[in-house]
Structures are given as structure tokens and as C-alpha cells.
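Reader: I want to learn how to read side-chain packing in a model. Please take me through it briskly.
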Amino acid sequence: MKLRFLGKNSNVGDCPTLYATDRDTYLVQGWRIFANDLLMQLDIPEGQTAVEVPTELFEYLTKDDLPVGEIRRIDEPIMILTPGGTFVVQGREVTDPEALSQMNIPDYETVVEVPKAAIKALLEEPREANLQRRAQPAL
């Protein structure tokens, strides 16, 4: 798997990072989830895991020729928006040695792979929001 770096949340040390792959997926490197109250809210299928990342990480999607990087709705693979302003992203845990060798992943982080199409769909406003906007009277 070949990776293309899109961005990371900070310049100091290792931190949540976003990559595009040659498989029409994104790799989301983020913090492992250890909080029991958060884990209890998730139904994680076998072979998948979840990571927590700052919402701003998805702003780097514009480097993948997407018009915006603002997630406009919560749906798979983004499972939760936490009160602390982070997203919980669920996906297949990355075990590919070639991909992992291209990243620097501390023990408190892991990486999930999510389909590009699923992330792109979350950038669009829900149909109901568009309809509500059109229904607003002009000022």
C-alpha cells in the first residue's frame, strides 16, 4: 500500500495524522481509546478498531482535491463527536507492514483504514439541512 501524507494535527512529535492511499481509502492515525464510557457507546466489529482524532484533522482533505474538509454529519465511519471536540473514527485496523513502515506510530496511537467514498459523503450536508435552508424566509 502506498501512502500520501495529507497532514497532521501538530508539528511536535507524533500525533493524529491523515493519509490518502492508492486503494481509494484514507488512513487515520489517532489516539487509542481507553475510556470505558466511550468504548461502551461503540459497537466495534471484529477486525476493526476505533481512534480518536481532533475534528480539524479532516481539514487536510482539501489536499486530496476535495472542496472542503469540514465533516457536516456524523455517520459511519465517524461514530461520535465527543464533548471535547474530537471525532471517534472506526475502521479496519491497519496491519499492512509496508504501510506501517511509512508511519511513526507511538504506543498510544493506532491506525484505521476507511473508504474515501464514506468520508466524502460526510462532507456533504444532509439532504434535510438543504431543504430546511431553502425553506427559510429571505431577510
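Reader: Is Phe-5 buried, partly exposed or exposed?

Author: Start with the basis. This is a predicted model, where local features need pLDDT of at least 70, side-chain atom pairs count only at pLDDT 80 or more, and totals for chains, interfaces and linings use all residues. Residues are numbered from 1 along each chain as its sequence is written, and side-chain values use heavy atoms, leaving out hydrogens and water. Buried means under 20% relative accessible area, exposed over 50%, and partly exposed in between (1.4 Å probe, protein chains only). Phe-5 has 46%, so this residue is partly exposed.

Reader: Which residues have the most contacts inside the largest nonpolar core?

Author: The general idea: in soluble globular proteins, nonpolar side chains tend to be buried together. A nonpolar core is a set of buried Ala, Val, Leu, Ile, Met, Phe, Trp, Tyr and Cys residues joined through side-chain atoms within 4.5 Å. The largest one here has 20 residues, and Tyr-26, Val-28, Val-53, Phe-58, Leu-61 and Val-89 have the most contacts inside it. Another core lies apart from it, with eight residues, including Tyr-19 and Leu-27.

Reader: What does Val-28 touch?

Author: Contact means heavy atoms within 4.5 Å. Leaving out residues up to four places away in sequence, Val-28 touches residues including Leu-18, Val-53, Val-89 and Val-112.
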